[in-house]
Amino acid sequence: MSSSPPVAVITGASQGLGLALAHALAGQGWGLVLDARRETVLRDAVRGLPGGPHPAIAGDVADPAHRRDLVDVAAELGGATALVNNASTLGASPLPALAELDTTTYLRLLQVNLVAPVALTAALLPQLRPRGGVVVNLTSDASVEPYETWGGYGSSKAGLDHATRVLAAEEPALRVYAVDPGDMRTRMHQDAFPGEDISDRPEPVTVVPALLRLLGGELPSGRYRAAELLAGLTGANR
Ligand SMILES: NC(=O)c1ccc[n+]([C@@H]2O[C@H](COP(=O)([O-])OP(=O)(O)OC[C@H]3O[C@@H](n4cnc5c(N)ncnc54)[C@H](OP(=O)(O)O)[C@@H]3O)[C@@H](O)[C@H]2O)c1
């Protein structure tokens, strides 16, 4: 008798780190529920994944109806064991100083990078709890370092770090992680440094083994840096 494969929900899976992780998990036999806003890009990206077909649901993580769709589809697949809150926005490119950050942009940053991951996690808890599931929230060094012009994005990720710690305390049966992937050669990174040559930054696929370590659920809940996980270190930080 074959048991059904574990299911992961990955947001922002049409490119960059989310897509690289989707490839790795699909290759290991996971069932996946994937999203991104641009439907054609998402559909084309997901078509290349092993296994499947993997449901790809176009939508905005800041939209409560879209989040409900993700939760419902995960339930139809048997229930989620893992949630990777990866979708994220910089808000504006080039990045503005706090003095120039308009409140519309700032609210959008908080909706996408903080409110949406917390709300999606809450909605998935009934599936994650009975499976002793794992939540991985993608954070950034900008959540702890006071880089000029990174205050809007950085404070949204700092909020996500704190929500991660609180959720870990509230849900001891789960593993709840924040992970800083480090610089990666992606659209987001290019948008952060418009016009700069970013070809020296590592490809997102190099970070995937760090996420797979966390998804194994053996490490205690906490905040991790991918570089330390890749080096075999296990101490959670800050
Ligand atoms: N790249 C870096 O150097 C770096 C460094 C530190 C932390 N991070 C973090 O790592 C994560 C992955 O970043 P990345 O560089 O791989 O990003 P990326 O290449 O820009 O990809 C972002 C993905 O998220 C989707 N997305 C964006 N906004 C969305 C929304 N509102 N709703 C649903 N999907 C949305 C995008 O597709 P659509 O545009 O079609 O929606 C895309 O699939 C992010 O959380 C980021 O903050 C990245």
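Visitor: In this predicted model, which residues of α4 does α3 meet?
Guide: The model is a prediction. On the side of α3, the residues in the contact are Arg67, Leu70, Val71, Ala74 and Ala75. Their counterparts in α4 are Ala116, Ala119, Leu120, Ala123, Leu124 and Gln127.

Visitor: How many residues in the contact of α3 with α4 are nonpolar, polar and charged?
Guide: The contact includes Arg67 from α3 and Gln127 from α4. Arg counts as charged, and Ala, Val and Leu count as nonpolar. By class, the contact has nine nonpolar, one polar and one charged residues.

Visitor: At what angle do helix α3 and helix α4 pack?
Guide: Helix α3 covers residues 64–76 and helix α4 residues 103–128, and their axes lie 10 Å apart. The crossing of α3 past α4 is right-handed. The packing angle is about 30°.

Visitor: Are α4 and α5 roughly parallel or roughly antiparallel to each other?
Guide: The axes of α4 and α5 come within 8 Å and cross at roughly 15°. The crossing is right-handed. Angles under 35 degrees count as roughly parallel. The two helices, α4 and α5, are therefore roughly parallel.

Visitor: How do the residues of the contact of α4 with α5 divide by class?
Guide: From α4, the contact takes in Tyr106, Leu109, Leu110, Asn113, Leu114, Pro117, Val118 and Thr121. From α5, the residues are Gly152, Tyr153, Ser155, Ser156, Gly159, Leu160, Ala163 and Leu167. The division is ten nonpolar, six polar and no charged.

Visitor: In what order do the seven strands form the open sheet, and which stand at the edges?
Guide: The pairing in the sheet is parallel, and the order is β3-β2-β1-β4-β5-β6-β7. Two strands have a single partner strand each, so one side of each is left without a neighbour in the sheet. The twist averages 15° from one strand to the next. The edge strands are β3 (56–58) and β7 (222–225).

Visitor: Which residue in β2 is the bridge partner of Val9?
Guide: Strand β1 spans residues 7–10 and strand β2 residues 31–36; the two run parallel and are joined by four bridges. The partner of Val9 across this pairing is Val33.

Visitor: How many of the residues of β2 are buried?
Guide: Gly31, Val33 and Asp35 point one way from β2, and Leu32, Leu34 and Ala36 point the other way. Residues on both sides are buried. The count for β2 is six of six.

Visitor: Which strands does helix α7 touch as it packs on the sheet?
Guide: Helix α7 is made of residues 208–215. Its direction makes about 145° with that of β5. The strands touched are β4 (82–85), β5, β6 and β7.

Visitor: Is Val208 buried or exposed?
Guide: Val208 belongs to helix α7. Leaving out residues up to four places away in sequence, Val208 touches Leu17, Ala20, Leu21 and Ala24. The relative accessibility of Val208 is 5%, and the cut-off lies at under 20%. Val208 therefore counts as buried.

Visitor: How many Å apart in space are Val208 and Val134?
Guide: In sequence, Val208 and Val134 are 74 residues apart. In space, C-alpha to C-alpha, the separation is 16 Å.

Key. Residues are numbered from 1 along each chain as its sequence is written. This is a predicted model: local features need pLDDT of at least 70, side-chain atom pairs count only at pLDDT 80 or more; totals for chains, interfaces and linings use all residues. Side-chain values use heavy atoms; hydrogens and water are left out. Two strands pair if DSSP finds at least two bridges between them. Axes are lines fitted to C-alpha atoms, for helices over the stretch in contact, and angles run from 0 to 180 degrees between N-to-C directions. Contact means heavy atoms within 4.5 Å. A crossing is left-handed if the near helix is turned anticlockwise from the far one by less than a right angle, and right-handed if clockwise. Buried means under 20% relative accessible area, exposed over 50%, partly exposed in between (1.4 Å probe, protein chains only). Angles under 35 degrees count as roughly parallel, over 145 as roughly antiparallel, 65 to 115 as roughly perpendicular and the rest as oblique.
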